[in-house]
Amino acid sequence: MGQGPVEVDCIRGTIARKDGNRLTVTGADEAWIYFSVSTDYRRTDSDWKTESNYTLVKALNKGYTSLREDHIRDYCEQFDKIDIQLGVTGKSGLTTDQRIRLLEQSGGDEDPQLFALFFQYGRYLTIAGSRENSPLPLHLQGIWNDGEACRMGWSCDYHLDVNTQMNYFPTEITNLGKSHLPLFRYVEDLAQAGRETARHVYGCDGWVAHVFSNVWGFTLPGWETSWGLNVTGGLWLAAHLIEHYEYSQDRVFLENVAYPVLKESAAFYLDYMCEHPRNGWLVTGPSNSPENHFYPDNSREGYSSCLWEQQWTRCWCAGSLNFVLIQLNF
(Lines give C-alpha, C1' and ligand atoms only; values in the text may rest on other atoms or scores of the structure.)
Protein backbone atom coordinates (compact mmCIF):
# COMPACT_ATOMS: atom_id res chain seq x y z
CA MET A 1 0.00 0.00 0.00
CA GLY A 2 1.24 3.51 -0.76
CA GLN A 3 0.01 7.03 -0.44
CA GLY A 4 1.13 10.51 -1.38
CA PRO A 5 -0.25 14.05 -1.12
CA VAL A 6 -0.04 16.65 -3.90
CA GLU A 7 0.32 20.44 -3.70
CA VAL A 8 0.75 23.15 -6.33
CA ASP A 9 2.60 26.46 -6.14
CA CYS A 10 2.54 29.10 -8.85
CA ILE A 11 3.66 32.59 -9.91
CA ARG A 12 0.68 34.88 -10.21
CA GLY A 13 -2.62 33.21 -11.02
CA THR A 14 -4.93 31.41 -8.63
CA ILE A 15 -5.16 27.87 -7.25
CA ALA A 16 -8.53 26.35 -6.41
CA ARG A 17 -9.16 22.98 -4.80
CA LYS A 18 -12.36 21.26 -5.88
CA ASP A 19 -14.05 18.09 -4.64
CA GLY A 20 -11.23 17.53 -2.17
CA ASN A 21 -8.86 15.94 -4.70
CA ARG A 22 -8.81 18.25 -7.73
CA LEU A 23 -6.53 21.28 -8.09
CA THR A 24 -7.20 23.93 -10.72
CA VAL A 25 -4.57 26.55 -11.65
CA THR A 26 -5.83 29.62 -13.51
CA GLY A 27 -3.90 32.51 -15.07
CA ALA A 28 -0.46 31.48 -13.76
CA ASP A 29 2.86 32.30 -15.46
CA GLU A 30 4.52 29.23 -13.91
CA ALA A 31 3.32 26.39 -11.73
CA TRP A 32 5.16 23.70 -9.78
CA ILE A 33 3.57 20.42 -8.72
CA TYR A 34 4.89 18.91 -5.50
CA PHE A 35 4.12 15.37 -4.45
CA SER A 36 5.53 12.90 -1.99
CA VAL A 37 4.95 9.15 -1.80
CA SER A 38 5.42 6.74 1.09
CA THR A 39 4.87 3.00 1.32
CA ASP A 40 4.41 0.40 4.02
CA TYR A 41 6.55 -2.09 2.09
CA ARG A 42 8.84 -3.79 4.62
CA ARG A 43 7.73 -1.37 7.31
CA THR A 44 6.57 -2.45 10.74
CA ASP A 45 5.77 1.04 12.03
CA SER A 46 2.98 3.39 10.98
CA ASP A 47 5.22 6.41 10.34
CA TRP A 48 4.84 5.99 6.58
CA LYS A 49 1.28 7.26 6.88
CA THR A 50 2.42 10.71 7.98
CA GLU A 51 5.96 11.05 6.63
CA SER A 52 4.84 11.91 3.10
CA ASN A 53 2.93 14.95 4.41
CA TYR A 54 5.95 15.96 6.46
CA THR A 55 8.23 15.65 3.41
CA LEU A 56 5.82 17.67 1.29
CA VAL A 57 5.71 20.53 3.78
CA LYS A 58 9.51 20.66 3.86
CA ALA A 59 9.63 20.76 0.07
CA LEU A 60 7.08 23.58 -0.12
CA ASN A 61 9.00 25.60 2.45
CA LYS A 62 12.24 25.13 0.56
CA GLY A 63 10.80 26.09 -2.83
CA TYR A 64 11.54 24.98 -6.37
CA THR A 65 14.85 26.83 -6.86
CA SER A 66 16.48 25.37 -3.75
CA LEU A 67 15.06 21.90 -4.43
CA ARG A 68 16.50 21.96 -7.93
CA GLU A 69 19.91 23.03 -6.66
CA ASP A 70 19.86 20.30 -4.01
CA HIS A 71 18.86 17.71 -6.58
CA ILE A 72 21.63 18.64 -9.02
CA ARG A 73 24.23 18.61 -6.25
CA ASP A 74 22.94 15.24 -5.04
CA TYR A 75 22.85 13.29 -8.31
CA CYS A 76 26.05 14.86 -9.66
CA GLU A 77 27.98 13.11 -6.92
CA GLN A 78 27.54 9.94 -9.00
CA PHE A 79 26.80 11.47 -12.39
CA ASP A 80 30.07 13.40 -12.69
CA LYS A 81 32.17 10.24 -12.50
CA ILE A 82 32.01 10.06 -16.30
CA ASP A 83 32.25 12.70 -18.99
CA ILE A 84 31.76 11.77 -22.63
CA GLN A 85 32.42 13.90 -25.70
CA LEU A 86 31.74 12.52 -29.16
CA GLY A 87 32.09 15.75 -31.09
CA VAL A 88 29.90 18.83 -31.36
CA THR A 89 28.08 20.10 -34.45
CA GLY A 90 25.75 23.00 -35.11
CA LYS A 91 22.80 20.86 -34.08
CA SER A 92 23.78 20.86 -30.40
CA GLY A 93 21.96 24.16 -29.93
CA LEU A 94 18.62 22.77 -31.13
CA THR A 95 15.97 21.32 -28.85
CA THR A 96 16.12 17.59 -28.20
CA ASP A 97 12.94 16.81 -30.12
CA GLN A 98 14.30 18.65 -33.16
CA ARG A 99 17.58 16.77 -32.92
CA ILE A 100 15.75 13.43 -32.74
CA ARG A 101 13.74 14.23 -35.87
CA LEU A 102 16.93 15.20 -37.69
CA LEU A 103 18.58 12.01 -36.43
CA GLU A 104 15.84 9.95 -38.06
CA GLN A 105 16.41 11.75 -41.35
CA SER A 106 20.20 11.66 -41.39
CA GLY A 107 20.89 8.29 -39.82
CA GLY A 108 22.82 9.85 -36.95
CA ASP A 109 26.04 10.83 -38.69
CA GLU A 110 25.63 14.56 -38.20
CA ASP A 111 24.96 14.83 -34.45
CA PRO A 112 27.33 12.54 -32.53
CA GLN A 113 26.87 14.43 -29.27
CA LEU A 114 23.20 13.43 -29.26
CA PHE A 115 24.38 9.88 -28.55
CA ALA A 116 26.41 11.22 -25.64
CA LEU A 117 23.26 12.95 -24.40
CA PHE A 118 21.30 9.69 -24.49
CA PHE A 119 24.17 7.92 -22.75
CA GLN A 120 24.11 10.41 -19.88
CA TYR A 121 20.32 10.43 -19.78
CA GLY A 122 20.37 6.68 -19.19
CA ARG A 123 22.87 7.16 -16.37
CA TYR A 124 20.67 9.86 -14.85
CA LEU A 125 17.62 7.58 -14.89
CA THR A 126 19.65 4.83 -13.23
CA ILE A 127 20.79 7.20 -10.48
CA ALA A 128 17.25 8.54 -10.04
CA GLY A 129 15.66 5.10 -9.75
CA SER A 130 18.33 2.97 -8.10
CA ARG A 131 20.39 4.45 -5.30
CA GLU A 132 22.60 2.82 -2.71
CA ASN A 133 19.81 2.90 -0.11
CA SER A 134 16.86 2.12 -2.43
CA PRO A 135 14.59 -0.59 -0.99
CA LEU A 136 14.06 -2.17 -4.43
CA PRO A 137 15.86 -2.30 -7.79
CA LEU A 138 14.47 -1.05 -11.08
CA HIS A 139 12.20 -3.29 -13.11
CA LEU A 140 10.44 -3.16 -16.45
CA GLN A 141 8.53 0.06 -15.81
CA GLY A 142 10.68 1.72 -13.14
CA ILE A 143 9.76 0.69 -9.59
CA TRP A 144 6.14 1.36 -8.61
CA ASN A 145 3.82 1.25 -11.61
CA ASP A 146 1.14 -1.38 -11.24
CA GLY A 147 -0.92 -0.48 -14.28
CA GLU A 148 -1.25 3.19 -13.41
CA ALA A 149 1.21 5.19 -15.49
CA CYS A 150 0.93 2.83 -18.45
CA ARG A 151 -1.61 0.08 -19.03
CA MET A 152 0.72 -2.79 -19.77
CA GLY A 153 -0.55 -6.31 -20.23
CA TRP A 154 1.29 -7.72 -17.22
CA SER A 155 1.78 -6.86 -13.58
CA CYS A 156 4.36 -4.57 -12.00
CA ASP A 157 6.91 -7.35 -11.63
CA TYR A 158 10.50 -8.35 -12.33
CA HIS A 159 10.97 -10.18 -15.62
CA LEU A 160 14.05 -12.37 -15.32
CA ASP A 161 14.26 -13.44 -18.96
CA VAL A 162 16.23 -10.27 -19.82
CA ASN A 163 14.28 -7.15 -18.83
CA THR A 164 15.55 -6.68 -15.28
CA GLN A 165 19.05 -7.59 -16.38
CA MET A 166 18.96 -5.04 -19.20
CA ASN A 167 18.27 -2.24 -16.74
CA TYR A 168 21.60 -2.99 -15.07
CA PHE A 169 23.79 -4.18 -17.96
CA PRO A 170 25.53 -0.76 -18.30
CA THR A 171 25.77 -0.03 -14.57
CA GLU A 172 29.34 -1.08 -13.79
CA ILE A 173 30.96 0.03 -17.05
CA THR A 174 29.38 3.49 -16.66
CA ASN A 175 30.82 3.87 -13.14
CA LEU A 176 27.53 3.53 -11.24
CA GLY A 177 28.41 0.58 -9.05
CA LYS A 178 26.46 1.93 -6.08
CA SER A 179 23.28 1.90 -8.17
CA HIS A 180 23.79 -1.85 -8.53
CA LEU A 181 23.43 -2.52 -4.80
CA PRO A 182 19.60 -2.63 -4.59
CA LEU A 183 19.64 -5.40 -7.20
CA PHE A 184 22.06 -7.46 -5.10
CA ARG A 185 19.89 -7.21 -2.00
CA TYR A 186 16.95 -8.31 -4.09
CA VAL A 187 18.89 -11.29 -5.49
CA GLU A 188 19.88 -12.35 -1.96
CA ASP A 189 16.21 -12.38 -0.96
CA LEU A 190 15.29 -14.19 -4.18
CA ALA A 191 17.88 -16.86 -3.45
CA GLN A 192 16.44 -17.41 -0.01
CA ALA A 193 12.91 -17.79 -1.41
CA GLY A 194 14.17 -19.94 -4.27
CA ARG A 195 15.45 -22.63 -1.92
CA GLU A 196 11.87 -23.67 -1.22
CA THR A 197 11.09 -23.86 -4.94
CA ALA A 198 14.21 -25.89 -5.67
CA ARG A 199 13.40 -28.38 -2.92
CA HIS A 200 9.62 -28.73 -3.33
CA VAL A 201 9.26 -28.42 -7.12
CA TYR A 202 12.43 -30.19 -8.29
CA GLY A 203 13.75 -32.06 -5.27
CA CYS A 204 17.09 -30.28 -5.72
CA ASP A 205 19.59 -28.48 -3.54
CA GLY A 206 20.41 -24.80 -4.00
CA TRP A 207 17.95 -22.22 -5.26
CA VAL A 208 16.12 -21.42 -8.47
CA ALA A 209 13.94 -18.66 -9.92
CA HIS A 210 12.11 -18.73 -13.22
CA VAL A 211 10.90 -16.23 -15.78
CA PHE A 212 9.52 -13.56 -13.46
CA SER A 213 9.33 -12.56 -9.84
CA ASN A 214 7.92 -9.76 -7.68
CA VAL A 215 8.74 -7.77 -4.54
CA TRP A 216 7.72 -10.70 -2.33
CA GLY A 217 10.14 -13.21 -3.85
CA PHE A 218 7.96 -15.27 -6.21
CA THR A 219 10.19 -18.03 -7.63
CA LEU A 220 7.79 -20.69 -8.91
CA PRO A 221 7.45 -21.61 -12.61
CA GLY A 222 5.05 -19.60 -14.73
CA TRP A 223 1.67 -21.01 -15.74
CA GLU A 224 2.37 -21.30 -19.48
CA THR A 225 4.59 -24.13 -20.71
CA SER A 226 5.86 -21.93 -23.57
CA TRP A 227 7.73 -19.69 -21.10
CA GLY A 228 7.04 -20.79 -17.55
CA LEU A 229 9.64 -23.54 -17.23
CA ASN A 230 12.64 -21.33 -17.84
CA VAL A 231 14.91 -22.31 -14.94
CA THR A 232 17.79 -19.92 -15.68
CA GLY A 233 16.21 -16.55 -14.83
CA GLY A 234 17.56 -16.39 -11.29
CA LEU A 235 21.07 -17.46 -12.29
CA TRP A 236 21.19 -14.94 -15.10
CA LEU A 237 20.22 -12.20 -12.67
CA ALA A 238 22.76 -13.43 -10.11
CA ALA A 239 25.56 -13.10 -12.68
CA HIS A 240 25.46 -9.36 -11.97
CA LEU A 241 27.05 -10.04 -8.59
CA ILE A 242 30.25 -11.39 -10.07
CA GLU A 243 30.38 -8.48 -12.51
CA HIS A 244 30.24 -6.06 -9.59
CA TYR A 245 33.17 -7.85 -8.00
CA GLU A 246 35.17 -7.73 -11.24
CA TYR A 247 34.81 -3.96 -11.32
CA SER A 248 35.03 -3.19 -7.60
CA GLN A 249 37.49 -5.91 -6.50
CA ASP A 250 35.58 -5.86 -3.21
CA ARG A 251 36.70 -9.12 -1.59
CA VAL A 252 34.29 -8.74 1.32
CA PHE A 253 31.38 -8.43 -1.11
CA LEU A 254 32.62 -11.49 -3.00
CA GLU A 255 32.91 -13.65 0.09
CA ASN A 256 29.78 -12.52 1.95
CA VAL A 257 27.30 -11.80 -0.86
CA ALA A 258 28.30 -13.00 -4.33
CA TYR A 259 29.92 -16.34 -3.54
CA PRO A 260 27.13 -17.79 -1.32
CA VAL A 261 24.41 -16.85 -3.83
CA LEU A 262 26.28 -18.16 -6.88
CA LYS A 263 27.48 -21.29 -5.12
CA GLU A 264 23.91 -22.28 -4.23
CA SER A 265 22.72 -21.48 -7.74
CA ALA A 266 25.40 -23.74 -9.21
CA ALA A 267 24.42 -26.45 -6.69
CA PHE A 268 20.88 -26.41 -8.09
CA TYR A 269 22.01 -27.00 -11.67
CA LEU A 270 24.48 -29.71 -10.70
CA ASP A 271 21.57 -31.47 -8.99
CA TYR A 272 18.95 -30.66 -11.63
CA MET A 273 20.82 -31.60 -14.80
CA CYS A 274 20.95 -35.15 -16.06
CA GLU A 275 23.06 -36.99 -18.62
CA HIS A 276 21.79 -37.15 -22.18
CA PRO A 277 21.21 -40.84 -23.00
CA ARG A 278 22.92 -40.67 -26.41
CA ASN A 279 25.52 -37.91 -26.27
CA GLY A 280 26.51 -37.88 -22.60
CA TRP A 281 25.86 -34.14 -22.26
CA LEU A 282 24.67 -32.70 -18.98
CA VAL A 283 21.31 -31.29 -20.01
CA THR A 284 18.19 -29.79 -18.51
CA GLY A 285 14.96 -31.52 -19.32
CA PRO A 286 12.57 -30.29 -20.27
CA SER A 287 14.48 -27.44 -21.89
CA ASN A 288 12.78 -24.09 -22.30
CA SER A 289 13.44 -20.59 -23.55
CA PRO A 290 10.82 -17.86 -23.04
CA GLU A 291 12.24 -15.74 -25.88
CA ASN A 292 13.34 -18.17 -28.62
CA HIS A 293 11.69 -20.94 -30.61
CA PHE A 294 13.19 -23.83 -32.51
CA TYR A 295 11.75 -25.62 -35.53
CA PRO A 296 12.10 -29.41 -35.38
CA ASP A 297 12.82 -31.17 -38.68
CA ASN A 298 11.13 -29.14 -41.43
CA SER A 299 8.17 -28.04 -39.37
CA ARG A 300 6.76 -24.54 -39.81
CA GLU A 301 5.50 -24.57 -36.24
CA GLY A 302 7.88 -23.17 -33.63
CA TYR A 303 8.39 -24.64 -30.17
CA SER A 304 9.95 -23.16 -27.07
CA SER A 305 10.15 -26.37 -25.01
CA CYS A 306 11.57 -29.80 -25.69
CA LEU A 307 12.11 -32.94 -23.66
CA TRP A 308 15.82 -33.21 -24.48
CA GLU A 309 18.18 -30.36 -25.03
CA GLN A 310 18.53 -28.96 -28.53
CA GLN A 311 21.95 -27.53 -29.39
CA TRP A 312 20.94 -23.87 -29.01
CA THR A 313 19.26 -24.36 -25.65
CA ARG A 314 22.18 -26.42 -24.46
CA CYS A 315 24.36 -23.36 -25.00
CA TRP A 316 21.80 -21.19 -23.17
CA CYS A 317 21.57 -23.27 -19.98
CA ALA A 318 24.91 -25.03 -19.76
CA GLY A 319 26.72 -21.87 -20.79
CA SER A 320 25.25 -19.98 -17.85
CA LEU A 321 26.23 -22.79 -15.52
CA ASN A 322 29.79 -22.94 -16.85
CA PHE A 323 30.08 -19.20 -16.27
CA VAL A 324 29.32 -19.66 -12.59
CA LEU A 325 31.56 -22.69 -12.11
CA ILE A 326 34.51 -20.94 -13.76
CA GLN A 327 34.06 -17.76 -11.79
CA LEU A 328 33.80 -19.57 -8.47
CA ASN A 329 37.11 -21.34 -9.01
CA PHE A 330 39.24 -18.65 -7.36
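# Exercises on a predicted model

Helix 4 contributes seven residues to the lining of the second largest pocket, the most of any element. Helices (H or I, at least four residues) and strands (E, at least two) are DSSP runs, numbered from the N terminus. This is a predicted model, in which local features need pLDDT of at least 70 and side-chain atom pairs count only at pLDDT 80 or more, while totals for chains, interfaces and linings use all residues. Residues are numbered from 1 along each chain as its sequence is written, and side-chain values use heavy atoms, with hydrogens and water left out.

**Exercise 1.** Describe the second largest pocket and the largest cavity.

*Solution.* 
- Step 1, the terms. On a 1 Å grid over the protein atoms alone, a cavity is a set of points where a 1.4 Å probe fits but cannot get out; a pocket is an open set with protein on both sides within 12 Å along at least five of seven lines; lining residues have an atom within 4 Å of a point. Grid points are joined across faces, edges and corners, and a volume is the space filled by probe spheres set on the points.
- Step 2, the pocket. The second largest pocket holds about 310 Å³. Its lining has 17 residues, with G122, L125, T126, L138 and N167 nearest the centre. Helix 4 (112-129) and helix 5 (163-168) are the elements that give two or more residues to this lining.
- Step 3, the cavities. The whole structure has two cavities of 30 Å³ or more. The largest cavity has a volume of about 50 Å³, and among the residues lining it are Y41, R42, R185 and D189.

**Exercise 2.** Work out how the buried residues of helix 1 are arranged.

*Solution.* 
- Step 1, the length. The expected span of a helix is 1.5 Å times one less than its number of residues. For the 15 residues of helix 1 (residues 48-62) this gives 21 Å, and the end C-alpha atoms are 21 Å apart, so the two agree.
- Step 2, the faces. Buried means under 20% relative accessible area, exposed over 50%, and partly exposed in between (1.4 Å probe, protein chains only). W48, S52, L56 and A59 of helix 1 are buried. Viewed down the axis, the buried residues of helix 1 fall within an arc of 95°, so they line one face. The arc is that of the directions from the helix axis to the C-beta atoms. Exposed residues T50, Y54 and N61 sit on the face turned away from the buried side.
- Step 3, the end. G63 follows helix 1 and has a positive phi, near 90°.
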